[in-house]
Amino acid sequence: MYENPDGVMIGLEVHVQLNKLKTKVFCGCSTDYHNDPPNSHVCPVCLGLPGSLPVINKKAVEAAIKIGLALNCKVEEHTQFYRKNYYYPDLPKGFQITQYDFPISSGGYITIEGEDGEHRVGITRAHMEEDPGRLVHEGTIDRSKYTLIDYNRSGMALIEIVSDPDMRSPKEARRYLDKLRNIVEYLDIFDGDLEGALRVDANISIMGGQRAEIKNISSHKGAERALLFEIVRQKNVLRRGGVVVQETRHFDEAREITISMRSKEEAHDYRYFPEPDLVPLKISGWAPAIKATLPELPDSRRMRFVEQYGITDDHAKALTSELKVAIFYEDVAKKVDPKLAAVWVCDVLKGELNYRDLTVDSFKKEHMQKIIELLAGKRITEDSAVDIIRTILDKGGSPDQIVKEKGLLKVEGDIVATAAEEAIKENPQAVADFMAGKEKALNSLVGAVMKKTKGRADARTAREMLLEKLSRVSQ
Ligand code: ZN
Ligand code: MN
């Protein structure tokens, strides 16, 4: 049972951008702006020009329902949009179209691996809203001399997912974010690699204090760091006899600190009222049809992998924690030994990719299949398999070609036998030591065999042959 000594309570508000939709949420502007110049994907609606009227994007509503269902939420029968009023240059209308009462879905949960095993984090609500424009500050926000505005992002469909304050440590917050991203990636409505695809605001309080809201967190690691900093800061305030006040703070990623921005606003400060330009939406009846099209989600895929391929739960978890990797593994496992494939994809390939900051897209599954076939047939050693993977990643090529060029095919039994005989002849001291009971002396003989065969002998075979020959010597 996790004690939570500081009484840490963390709740997260995550904005997921539906960047795989073709158009923005209330206008026909294309969402494909990421490589284009600033302010080139705009129209009167997303620029907030007077007299322009929003029209709801049906696909965005469907995606929102998908997310609600995947997060175990209840989907409303009727949903409605509201205006959230505040003035800021990233919001050209002076209000944001969002939801307030009657959000599209609410009351769900996500299961994460918590401080004390499986832990459920409640989902308060998941609602639709429009993305504001993007502000680009010169240098850091508190010292910036000027700010640039790009409205390409203005009006992109967002789903804001608000959690209950159920996380008890920065680590749990990070796991929650990993899991949430994992789930929405499986739904195929968002590309997490695009700039601004998933943005996090964190609310955190410790025992005896009010909560602070931290904005501008752009990565899962950043969230963990910001929260760690905030716990220390709040504890220090209380220790000095001060009061932790409710406020909004900005996370400065470069310095890994949070900076006070303003006292936290309350909902009534925003003067929410129903959006008169959009009628309430009757969505009863949509959910069952969408539910039927919901893809297999990470948790069920993980359980299926364990059952279908007989792999460990840890491997299944690592393989399903990224959709691309899960698909890669399954394609490979169809043609070769799935257990061996799990080991080599999880324990070797993933590590080599991470090390080079690459994704699984950089490796052909046919190549992985070939390598596993060679291993399963005992044609190459494990060291050679690692060598092939590294060579492909660093220099390109195919397994067959690399095996040929480097002469990696394992040597036959009689060549190992000859090498073992030679090793015994050439290392009388090691042989004598071994005979005198120094078991470790065998390792240097195995080493000699490997050297003679240029590492292409199987170490276990070499060991067995040496033992067999040595037993004859002693007779
Ligand atoms: Zn537009
Ligand atoms: Mn929001």
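Student: Which residues are linked in a network of salt bridges?

Tutor: Note that this is a predicted model. Side chains of opposite charge can pair when their charged atoms come close. Here such salt bridges join up into a network, and its members are Arg181, Glu185, Asp193, Lys324 and Asp361.

Student: How many salt bridges does a search of the whole structure find?

Tutor: A pair counts when a side-chain nitrogen of Lys or Arg lies within 4 Å of a carboxyl oxygen of Asp or Glu. Searching the whole structure on that basis gives a total of 44.

Student: Which parts of the chain does the salt bridge between Arg225 and Glu256 link?

Tutor: The side chains of Arg225 and Glu256 meet at 2.9 Å, N to O. The two residues are 31 apart in the chain. Arg225 sits in helix 3 (residues 220-239), and Glu256 in the loop between strand 13 (247-252) and strand 14 (257-263).

Student: Are Arg225 and Glu256 buried, exposed or in between?

Tutor: The in-between class runs from 20% to 50% relative accessible area. Arg225 has 37%. Glu256 has 34%.

Student: Is Arg356 buried or exposed?

Tutor: Arg356 forms a salt bridge with Asp394 at 2.7 Å, N to O. Arg356 lies in the loop between helix 8 (338-355) and helix 9 (365-376), and Asp394 in helix 10 (residues 382-395), so the pair ties together parts 38 residues apart in sequence. The cut-off for burial is under 20%. Arg356 has 19% relative accessibility, so Arg356 counts as buried.

Student: Is Lys334 buried or exposed?

Tutor: The side chain of Lys334 meets that of Asp331 in a salt bridge at 3.4 Å, N to O. The exposed class starts over 50%. Lys334 has a relative accessible area of 64%, so Lys334 is exposed.

Student: What is the geometry of the site of the zinc ion (ligand 1)?

Tutor: The zinc ion (ligand 1) is coordinated by the SG atoms of Cys27, Cys29, Cys43 and Cys46, at 2.3 to 2.4 Å. Ideal angles for four tetrahedral donors are 109.5 degrees. The angles among the 4 donor atoms of this site are 102 to 114°, and the site is tetrahedral.

Student: What spacing do the donors of the zinc ion (ligand 1) follow along the chain?

Tutor: Cys27 and Cys43 are 16 residues apart, both in the loop between strand 1 (9-17) and helix 1 (58-70). Both of these cysteines are buried. Along the chain, the donors follow the spacing C-x1-C-x13-C-x2-C.

Key:
Residues numbered from 1 in each chain as written. Chains lettered and ligands numbered in written order. Predicted model: local features only at pLDDT ≥ 70, side-chain atom pairs only at ≥ 80, totals over all residues. Heavy atoms only, no water. Donors = N, O, S within 2.8 Å, 3.2 Å for Na, K, Ca; no water. Tetrahedral: all angles 85-135°; square planar, octahedral: opposite > 155°, others 65-115°. Helix = DSSP H or I, 4+ residues; strand = E, 2+ residues; numbered from the N terminus. Buried < 20%, exposed > 50% of the residue type's maximum accessible area, 1.4 Å probe, protein only.
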